[in-house]
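Here are my notes on this entry, point by point. Please read them with the structure open.

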Amino acid sequence: MVDEGPERVRIESAAQRLRDGHLVAFPTETVYGLGADARNIRAVAQIFALKGRPADHPLIVHLARAADVMAWARKVPDSARALMERFWPGPLTLVFARHASVPDAISGGQDTIALRCPAHPVAQALLQAFAGNAPDTGVAAPSANRFGRVSPTTAMHVQEEFGDRVFTLDGGACTVGIESTILDLSRTESVGPVLLRPGIIDLDALAAILGELPRRPDRHAPRVPGALAAHYSPATPLRLVAADSLAQAPTDVAVWSRSVSSPRAHRVGWERAPQNVEQYARELYAALRRLDTLGAREIWVERPPEGKDWAGVTDRLERAAFGSGNPS
Ligand code: TXA
Ligand code: MG
């Protein structure tokens with residue numbers, strides 16, 4: 001997709017914008033990111049200003065290649081090397097003890113740094129064009145949405161969030177659809193690997209490489225705003241409901257259900273959600289955005305199945321429900 005002439009020119013001009021200290025929104029396989037040169041403090045400050053994000057919330061730095069981690073992390077355990085080998089490029093973010101050269105603004109004052117090498121061809125092309133041969137360059141990027149809101153999975157969603165205020169590379173709809181899995185490896189010796197945010201990666205696949213299941217965060221774990229109880233939220237109040245309660249859904253409530261079809265009298269949107277977890281994750285945020293525009297009194301989402309592979313989407317839905325109902 002990025003080999004053609006005009007696409008190449010677009011990527012080059014986006015990389016130049018980053019070098020000039022401007023923001024660029026770009027697709028990754030998880031969600032769209034709002035990127036800035038991670039070594040440019042003024043550029044990074046623009047991310048916080050545009051998103052309305054508190055300054056102590058750290059950012060993920062996106063790298064062109066795994067070999068660049070040493071410019072950002074001061075200690076990379078063997079387990080991390082094995083994980084990078086298996087999952088990079090891909091939807092896995094690793095948290096390390098940070099290198100002394102990392103600007104404070106990136107890590108929210110914490111002693112750690114979150115790194116990810118995304119697989120999307122447009123993200124890869126942008127990162128490579130931006131980095132050239134320099135290992136210490138990277139693109140800091142949170143999801144390209146206003147703070148607390150639903151993450152964007154298309155260029156159109158980014159436009160809905162920020163209008164024409166940011167240059168956006170369009171790479172189509174994201175194939176994963178929910179944010180990366182975040183694994184903290186900064187305290188492997190004392191605590192072991194800690195799962196800070198579940199995503200689409202199967203925890204058993206992580207365990208197979210780590211030799212143990214990652215732990216749940218304790219009170220010493222790095223702070224993760226993606227782990228705030230309220231996040232990823234539509235403006236319409238959202239509720240997670242059991243399948244057998246859907247029959248009682250009022251007709252002015254929008255519904256997203258895997259197992260129950262719309263009764264004939266239902267007035268507002270009633271959509272069938274995908275059966276398969278990959279497809280479900282891919283469509284989730286677009287569905288929340290769509291259902292949020294219907295003027296429904298509430299959005300009812302059928303609670304997804306229990307089970308490790310549904311942990312990522314269930315996590316997002318629970319936070320979406322907690323933070324919903326605050327129009328802005
Ligand atoms: O899939 C993704 O991860 C997307 C794409 C654009 O890469 N990015 C993303 O960024 O979701 P953001 O900022 O919306 O969420 C990143 C999460 C935040 O909850 C942040 O607190 C956490 O990563 N994080 C960043 N740096 C960290 C660090 N040093 N220690 C612990 N958590 C960190
Ligand atoms: Mg986010």
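1. Start with threonine 28. In this predicted model, threonine 28 sits in the loop that links strand S1 (24-26) to strand S2 (33-37).

2. Is threonine 28 buried or exposed? Its relative accessible area is 2%. The cut-off for buried is under 20%, so threonine 28 counts as buried.

3. Two polar partners deserve a look. The side chain of threonine 28 comes to 2.7 Å from the backbone oxygen of valine 31. Side chain to side chain, threonine 28 also makes a polar contact of 2.9 Å with arginine 116.

4. Which residues does threonine 28 touch, leaving out those up to four places away in sequence? They are Arg116, Pro118, His120, Ala123 and Cys174.

5. Now the sheet. Four strands form an open sheet in the order S11-S14-S12-S13, and the pairing is parallel.

6. Strand S12 (residues 253-257) and strand S14 (residues 298-302) run parallel and share four bridges. Tryptophan 256 has valine 301 of S14 as its bridge partner.

7. Helices come next. Helix H8 (residues 277-291) lies across S11, S12, S13 and S14. The angle between H8 and S12 is about 175 degrees. Helix H9 (residues 311-323) also packs on the sheet, where it touches S11 and S14. The direction of H9 makes about 135 degrees with that of S11.

Terms used
Residues are numbered from 1 along each chain as its sequence is written. Chains are lettered from A and ligands numbered from 1 in the order in which they are written. This is a predicted model: local features need pLDDT of at least 70, side-chain atom pairs count only at pLDDT 80 or more; totals for chains, interfaces and linings use all residues. Side-chain values use heavy atoms; hydrogens and water are left out. Helices (H or I, at least four residues) and strands (E, at least two) are DSSP runs, numbered from the N terminus. Buried means under 20% relative accessible area, exposed over 50%, partly exposed in between (1.4 Å probe, protein chains only). A polar contact is a pair of N or O atoms within 3.5 Å; within protein, one must be able to donate a hydrogen and the other to accept it, and residues adjacent in sequence count only if both atoms are side-chain atoms. Contact means heavy atoms within 4.5 Å. Two strands pair if DSSP finds at least two bridges between them. Axes are lines fitted to C-alpha atoms, for helices over the stretch in contact, and angles run from 0 to 180 degrees between N-to-C directions.
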